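Here's a quick briefing to read alongside the model. Have the sequence and the 3D view open as you go.

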Amino acid sequence: MAKAIHVIRYRYVCEHCGQQTDWFDKRVEAETNVLGTVIEEGLPGSLGRRAGGAIASDELRAALRGYKDRVAEGNYTFFDAGASCPNCGRRQSWLPVHDVTSISPGGRVALYGLGLFAVGLVIFAIALVLTMESSSKLAQTLGMVIGGGSLIFFPILGIAKAVKRNRRDALGNRVQQQAVTVKNAPEIDWRE
């Protein structure tokens with residue numbers, strides 16, 4: 001397998017304390033199956049390895065082009081190191097306060113709602129098991145009301161908590177953007 005590795009270096013001046021950070025490294029890797037290249041191209045060993053390396057290099061150039069396009073759009077989220085200033089610990093405006101790429105607001109609502117629905121389902125099952133053995137109709141009815149109420153209450157609670165969290169995250173991102181008066185984009189050394 002041929003592998004091509006390229007290291008992008010970046011640093012920034014903190015928007016809050018004004019300190020220059022050290023260089024951070026971002027590894028970009030691309031690889032290709034040399035054996036597949038040799039078989040497809042019918043090339044002998046060393047020539048096949050060079051062809052595999054060339055293909056991996058082409059894939060690496062394509063990955064770098066993708067990173068450059070994202071930087072041109074102002075998207076620096078792929079820079080995972082140095083999200084917080086090493087000096088003051090505060091995040092920079094070019095990175096979101098909350099990782100909004102990991103879960104969408106709708107996904108969070110579904111996750112919280114379904115998670116608390118499962119809690120309600122467990123409570124319903126427990127209430128059902130405990131009251132069904134009782135000969136009293138009042139105890140059975142009370143168990144059904146408690147269990148059924150939990151099936152309604154907990155998903156609504158989960159959805160409300162998710163909506164509240166979505167609003168808090170959006171507000172946090174807006175407040176951070178407004179609080180920063182100096183906006184510094186990272187300095188990138190593509191090393192080409």
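Val-122, Ile-126 and Leu-130 together make a nonpolar surface patch of about 300 Å². Keep in mind that this is a predicted model, where local features need pLDDT of at least 70, side-chain atom pairs count only at pLDDT 80 or more, and totals for chains, interfaces and linings use all residues. Residues are numbered from 1 along each chain as its sequence is written, and side-chain values use heavy atoms, with hydrogens and water left out.

- Patches are built from residues with over 30% relative accessible area and no salt bridge, joining like charges within 9 Å and nonpolar side chains (Val, Leu, Ile, Met, Phe, Trp, Tyr) within 5 Å. A salt bridge here is a side-chain nitrogen of Lys or Arg within 4 Å of a carboxyl oxygen of Asp or Glu.
- Val-122 sits in helix H3, residues 105-132; helices (H or I, at least four residues) and strands (E, at least two) are DSSP runs, numbered from the N terminus.
- Val-122 counts as partly exposed because its relative accessibility is 48%; buried means under 20%, exposed over 50%, partly exposed in between (1.4 Å probe, protein chains only).
- H3 also has buried residues: Arg-108, Gly-113, Gly-120, Ala-127 and Thr-131.
- With 28 residues at 1.5 Å a residue, H3 should span 40 Å, and its end C-alpha atoms are 40 Å apart, which agrees. The expected span is 1.5 Å times one less than the number of residues.

**Cysteines**

- How many disulfides (cysteine sulfur pairs within 2.5 Å) turn up in the whole structure? The search finds zero.
- For Cys-14, the closest cysteine sulfur is in Cys-88, 3.7 Å away, so that's too far for a bond. Cys-14 is buried, at 3% relative accessibility.
- Cys-85 is in no disulfide either, with the sulfur of Cys-14 as its nearest cysteine sulfur at 3.7 Å. Cys-85 is buried at 3% relative accessibility.

**Leu-64 in helix H2**

- Leu-64 lies in H2, residues 45-72, and counts as buried because its relative accessibility is 7%.
- Leaving out residues up to four places away in sequence, Leu-64 touches His-6, Ile-8, Val-28, Trp-190 and Glu-192; contact means heavy atoms within 4.5 Å.
- Leu-64 and Trp-190 are 126 residues apart along the chain, yet their C-alpha atoms are separated by 8.6 Å.

**Whole chain**

- The chain has four helices and three strands, running β-β-α-α-α-α-β from the N terminus.
- Buried residues make up 29% of its 192 residues.

Conventions:
Accessible areas come from the Shrake-Rupley method with a 1.4 Å probe; for residues, only the protein chains shown count as cover. A disulfide is a pair of cysteine sulfur atoms within 2.5 Å.
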